[in-house]
Amino acid sequence: MARTIINNPALPRSKSPHSNAVKVGNLIFVSGFPGYDENVKIPQGDFAQQMRFALQHIKATLEYAGSSVDKIAKVNIYLDRRADFDEMNEIYKEFFGPDQSGWPARTTVEARLPRKDFLLEIDCVAEA
């Protein structure tokens, strides 16, 4: 099966060695996005802003790849702080809408993230 590397030039890029996404067959595997702003800076301590940035980057990656948020099948969310879980759910519903019939499958875990300022990281798998 052919493999296509996807890197949206409009998105901020860290120095980490990874692509924004990889398309294999009819699936797009989107790398984990922390909440970087357009200057690859993390809004320190601002969970809501970090989550909104991460979701915007996922949306932009999928659209660049010819897909959309509506085609997301699975989301993984890694939280640095368990205390952010309820706020995460509210922002998630803003992004995916209040109608649960359109929500993708999801896993949420509390995890130690690679940078001390990261409050979350989000990845997903979507249909092409």
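Predicted model: local features only at pLDDT ≥ 70, side-chain atom pairs only at ≥ 80, totals over all residues.
View 1. Arg81 is partly exposed, with a relative accessible area of 31%, where partly exposed lies between buried (under 20% relative accessible area) and exposed (over 50%), using a 1.4 Å probe and protein chains only. Residues are numbered from 1 along each chain as its sequence is written, and side-chain values use heavy atoms, with hydrogens and water left out.

**View 2. The salt bridge of Arg82 and Glu110.** Here the N to O distance is 3.1 Å. Arg82 sits in the loop between strand E4 (72-79) and helix H2 (85-96), and Glu110 in strand E5 (residues 105-110), so the pair ties together parts 28 residues apart in sequence. Helices (H or I, at least four residues) and strands (E, at least two) are DSSP runs, numbered from the N terminus. Arg82 is exposed at 63% relative accessibility, and Glu110 is partly exposed at 46%.

View 3. What separates Lys93 and Glu90 along helix H2? They are three residues apart, or about one helical turn. The closest N and O atoms of their salt bridge are 3.5 Å apart. Lys93 is partly exposed at 34%, and so is Glu90 at 45%.

**View 4. Strand E3 and its partners.** Two strands pair if DSSP finds at least two bridges between them. Strand E2 (residues 21-24) runs antiparallel to E3, joined by four bridges; Lys23 has Ile28 in E3 as its bridge partner. In the hairpin of E2 and E3, with two residues between the strands, Gly25 takes a positive phi near 60°. Five bridges join E3 to strand E6 (residues 120-127), also antiparallel, and Val30 has Cys124 in E6 as its bridge partner.

How values were computed:
Salt bridge = Lys/Arg side-chain N within 4 Å of Asp/Glu carboxyl O.
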